[in-house]
Amino acid sequence: MSSNLKRRFINKVFVALCSLSTLLAVGMLALILGSLIVNGAGGLHLSVFTQDQPSPGMSGGLRNAIIGSIAMCVVAMIIAVVLGIMAGTWLSEYSRNSKYGQAIHFLNDVLLSVPSILVGLFVYEIMVRPFHGFSAFAGAVSLALLAMPIVTRTTYDMLQLQPNTLREAGMGLGASQGLVIRSIIWKAAAPGLLTGGLLGFARISGETAPLLFTALGNQFLTLNMTEPMGSLPTTIFQFAMSAYDDWRNLAWVGALLIAMAVLTINILGRVMTRGGKR
Amino acid sequence: MSDSALSQPSRLNRLFPSGSFGEMIFRSLCFSAATLTLVAMAGIIVALAIGGWPAFKAFGFNFFLSSEWNPVSEVYGAAGPIIGTLITAFLALLLALPLAIGISVFLVEFCPRILARPIAVAVELLAGIPSIVYGMWGLFVLAPWFAHYIQFPLLIHVSPDTWLGKMVAGVPNGANILTASLILAIMILPYMASVFRELFLTVPAQVREAAYGLGATPFEVVCSVIIPYVKRGLIGVIMLGLGRALGETMAVTFIIGNTHSLPHSLFDSGSTIASTIANEFTEATSEMHSAALTALGLVLFMITFMVLIMARLLIGKRS
C-alpha cells in the first residue's frame, strides 16, 4: 500500500513538473514577444519605411535595410528554389536508393544544420577574397546556400508522398519520365513545393551572421548587386550594439519587423501544407 | 488530372526538347543540382582549411592549447573561444533538455486536447524566430535583470573565498557565460520540444495502452515505455540541439562579453568561436588575423560536423 502511495506521489510530482516546464517556456516566450512589441511598436512610423538609416542623433528609418534584405532574399530564393527543387527531384525520382543518392541525402541533412557563420566564411573565401570586394551578390549566394538544403529536403519529402500509381498512369500514356515529373508529379506536389520555398525563406530572412562578411552592410540605399548592401539583420546588429538611444530604438523596430515577417511566412507555409494534404 | 497536362506542352516542357535528348538534359540538370550539395560540403571544408592553414602552420598545437589571443603582437591561441563554445553549448543543453522533455510529455500525455494543438504550434513558431531577436532581448532585458537581481546580491552576500564565491566572481553587468548559456537554452528549447513531441507521437497507441492496462502510472509509462521506445531518435535530437547551440552566433555575440581569456567562473565574460569570428572578421587587418579566424571556423566545423553526423546516423536508422 505504501509503495502504491509513493508511486502515485511520484507521478503527481512528475505531472506538476511537466506542466510547470510548459508554463515556464510559454511564459518566457511570451515575455520575449511582449518586450519586442513594447519596445518596438512605439517607433513603428511610416518614416521607418520611407527614410534611410540615420546618423546618430538624426531622425531616419530603415528603408535601405528593408529593401536590401528583400533584394538579397529574393535573389537567394530564386537560386535556392530552382536548385533545391531540381536536387530534391533527382533524389526522389532518379536516384532510387543508389549509394550516391543516399550519400547526397545524408549530406543534405548535415548541410541543413551547418552553422550559418561557416557558410558565410566559405562564401567570403570563394567570392569576396578573390574579387577584393564585398557584394550583395555574395550575400545572396550565402543565403541561397542556407535555404537550398531546406528546399531540397521538403521537395524530396513531398515528391515521396505522391502515389506511384500517378507515375505509372503517366508512363502508361506514353510520357517519358521527365515529362511525367514535370507535368504530373510537380503539379500534384505544388503546394508542398511552395511550402518548402516558404520555409527556406523564413530561415534566411532573419539570418545575420553570414551577411556580416559577405554583403557587409551599407548605410545608403542601393540596388546594385555588385556593391555592399545593407540588410535589416546587420543594421539591427550595428544599431543594437551602439551607444545611441535613437539607434537602439530603431533596432527594436527592426527586430519587431523581422519577427513579424518570419512568423507570417511560417504561418502561411503551415496553412498551405494543410491545404495540400487534404 | 485532365488530359491537357500531357497533350499540350506547357511552357516548362517547351524548354526541354522532346525525345531522349531533352530527357537526358533534364535528368543531368537535376543530377548536377543534387551534386551541388556534395560540392558545397567539400567546398566549405577545403576553403576553411586553405584559409586557416597559415595559422595552423605558424602556431601548431599551441593554437589549441594557448589562450593568448593578441592581434597586436600577432599571437593567436584559441583555447579561450574553444572552451567557451563547449561550456556554453553544454550548459545550454543541460538547462534546456529537462524542460524540453517536460513540455513534450505534457503536450502528448497530460494536456487537454483543445490546448495541445495551439501550444504545439506556438512552440514550433517560436523555434523559427531569428537568433538576432533573441540576442537583442538578452542584451537589453535579460542581462540588466540578471545583473541587478542575481549578480549583485550574490556578490554582496557570498564571500569571494568560498567555492560558491569563486563560481560567481565577475563584473556584474549581466554579460557572461551563464547568461549566454541561458539565451542559448531558450533558443534551442522550442526546437527540441517540438521534435521530441513528434517523436513521442510515433509511439504506437497499443504499446502505451498496454502499459496503462498493467496499472502503470503516467510517469512509469513515460520512463519505461515511451522514452526507451524512441531512445535512438531522442539521442539524435539532443545531438542536433547541441549542434545548434555550438554554432549559434548572433545571440551569443550580443551577450557573452567577448573576451578571449579562459573563463574563470560562471559569471566571467568569455567568447565562443562563432562570436569571435562575427566580431573580428571584418576588422581583421593582418593576413594572420584572418587566417587565425578562419582556422577557428575550421575547428567549429569539425566539432559540429562530428556531432551532426552522429545525430543523423542515430535518427536515420529509425525512420
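The model described here is predicted.

**Helix α6 of chain A**
- The helix α6(A) has a kink of about 30° at A:Ala147, a position shortly before the proline A:Pro149.
- Most of α6(A) is covered, with 23 of its 26 residues buried.

**The largest nonpolar core**
- The largest nonpolar core holds 185 residues, and the members that touch the most other members are A:Ala147, A:Ala255 and B:Leu184.
- Helix α9 (residues 177–201) of chain B supplies the largest share of this core, namely 18 residues.
- Because domain 1 (2–43) and domain 2 (47–277) of chain A both give residues to this core, the core lies between them.
- Leaving aside residues up to four places away in sequence, B:Leu184 touches B:Thr88, B:Ala89, B:Ala92, B:Ala245, B:Glu248, B:Ala251 and B:Val252.

**The contact between the chains**
- Chain A brings 73 residues to the contact, while chain B brings 68 residues.
- On the side of chain B that touches chain A, helix α3 (residues 20–59) of chain B gives the most, with 18 residues.
- The residues on that side of chain B comprise 49 nonpolar, 15 polar and four charged.

Notes
Residues numbered from 1 in each chain as written. Chains lettered and ligands numbered in written order. Predicted model: local features only at pLDDT ≥ 70, side-chain atom pairs only at ≥ 80, totals over all residues. Contact = placed C-beta atoms within 7 Å. Helix = DSSP H or I, 4+ residues; strand = E, 2+ residues; numbered from the N terminus. Nonpolar A, V, L, I, M, F, W, Y, C, P; charged D, E, K, R; others polar. Core = buried A, V, L, I, M, F, W, Y, C linked by C-beta atoms within 7 Å. Buried ≥ 20, exposed ≤ 12 C-beta atoms within 10 Å, placed from the backbone. Domains from an automatic or database assignment. Bend = angle between axes of the 7 residues up to and from the residue.
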